[in-house]
Amino acid sequence: MSETFSSRVDVSGEDIHWDFKDEMSYGGYLSLDVLLAAQTPLTDEHDEMLFVVIHHVAELWMKLLLHETGAALEDLRQDNAGPALKKFARVSRIQEQLTQAWEVLATMTPTDYLAFRDKLGASSGFQSFQYRTLEYRLGNKNAALARVHASNPPAFKMVNDALQRPSLWDETLRWLSRKGYDIPADRLERDWSQSYEASAAVEDVWRTIYRDSETHWEAYELGEKLVDLEHKFQQWRFNHMKTVERIIGFRRGTGGTGGVSYLVKALDLRFFPEIWTVRTSL
Ligand code: HEM
């Protein structure tokens, strides 16, 4: 131990555990040996470590997003809107972390990336099963995209379960209906694997809620949390698209799409359509 270090940090009077032979340690609890062994770049290019780490971090945040949104959906099913609202507040902060991460990735130049891009083969974030599960859960039911996961049965099951089950928007409408709002029957029972079609009657319900928020406070608060969620999801998509443009220009993606042109199209998607359209007519 260096002079400076030992003179600044005196631990002699503290009751510190030094021996972890029979005790749980920090690294043991967190399985750090597994976690930190997973970053295995394929080249010696300096920036590949950034590329791997940023994807791992994103997948971990997505894991937590699935944990939180899954529990919030269950809260709604049980008519416990309060705890669901609390979880959505956390979801929002996690989304901020995910969006902020593009700033770190943007320090990688096109030359830095091209130095190892060939080694990625056909792999692409497009094949992220957690991302697809999240999109299905939130309501972007583009069933064709599940096919990418057919060769990975556990991943396919996870993605397909989310495709077949009611989305967050479906569960919100079912919750509103149980609270006495006039949601059309064909929005309460349907083939959940199909895209949701916006409904004028559902927009009317949201108009009622927004025009008299004090009377409809809980629904109003949930509505605003969902707007927040979708707004932040779009910010993530936009920053992804712009970072990709900055790094690969208009090249095709490693996953086989047109690249930026594919990512731009996703900016028009809506998870919760009527809560956006109602804003024009309030
Ligand atoms: C140099 C960095 C990156 C580039 C050049 C890039 C490029 C692309 C491209 C071109 C696509 C379209 C599919 C394809 O043809 O491959 C895509 C999709 C995707 N990427 Fe990235 N990406 C980068 C970093 C990331 C990171 C850090 C994440 C975080 C997990 C990510 C997640 C995704 C996801 C989830 C999709 C699917 C989007 C959808 O289907 O709507 N990407 N990416």
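In this predicted model, the shell around the ligand draws at least two residues from each of α4, α5 (81-105), α7, α11 (217-248) and α12 (260-265). Helices here are DSSP runs of H or I with at least four residues, strands are E runs of at least two, and numbering starts at the N terminus. The protein comes out at 13 helices and zero strands.

**Ground rules**
- Residue numbers start from 1 along each chain as its sequence is written, and side-chain values rest on heavy atoms, with hydrogens and water left out.
- Since you're looking at a prediction, local features need pLDDT of at least 70 and side-chain atom pairs count only at pLDDT 80 or more, while totals for chains, interfaces and linings use all residues.

**Around the ligand**
- Which residues come nearest to the ligand? Of the 27 around it, they are Ser124, Arg132, His240, Thr257 and Tyr262; being near takes a heavy atom within 4 Å.
- Ser124 has a polar side-chain atom 2.7 Å from an oxygen atom of the ligand.
- For Thr257, a polar side-chain atom also sits 2.7 Å from a ligand oxygen atom.
- Tyr262 places a polar side-chain atom 2.6 Å from an oxygen atom of the ligand.
- Sorted by class, the shell holds 16 nonpolar, ten polar and one charged residues. Nonpolar covers Ala, Val, Leu, Ile, Met, Phe, Trp, Tyr, Cys and Pro, charged covers Asp, Glu, Lys and Arg, and the others, Gly among them, count as polar.

**α4 against α7**
- Helix α4 (residues 48-77) packs on helix α7 (residues 129-138) at an angle of about 30°, with the axes 10 Å apart.
- Axes are lines fitted to C-alpha atoms, for helices over the stretch in contact, and the angles run from 0 to 180 degrees between N-to-C directions.
- The crossing of α4 past α7 is left-handed, meaning the near helix is turned anticlockwise from the far one by less than a right angle (clockwise would be right-handed).
- On the α4 side, the contact (heavy atoms within 4.5 Å) uses Glu59, Met62, Lys63, Leu65, Leu66, Thr69, Gly70 and Leu73, which meet Gln130, Tyr131, Thr133, Leu134 and Arg137 of α7. That set splits into six nonpolar, four polar and three charged residues.

**α5 against α11**
- The axes of α5 and α11 come within 9 Å and cross at roughly 15°, so this pair is roughly parallel.
- Their crossing is left-handed, and the contact residues divide into 14 nonpolar, eight polar and six charged.

**α9 against α10**
- Helix α9 (residues 168-178) and helix α10 (residues 200-211) have axes that come within 12 Å and cross at roughly 65°, so they are roughly perpendicular to each other.
- The α9–α10 crossing is left-handed.
- Trp169, Thr172, Leu173 and Leu176 from α9 meet Val202, Val205, Trp206 and Ile209 from α10. By class, this contact has seven nonpolar, one polar and no charged residues.

**Overall dimensions**
- Taken along the principal axes, the C-alpha atoms fill a box of roughly 70 × 55 × 35 Å.

Conventions
A polar contact is a pair of N or O atoms within 3.5 Å; within protein, one must be able to donate a hydrogen and the other to accept it, and residues adjacent in sequence count only if both atoms are side-chain atoms. Angles under 35 degrees count as roughly parallel, over 145 as roughly antiparallel, 65 to 115 as roughly perpendicular and the rest as oblique.
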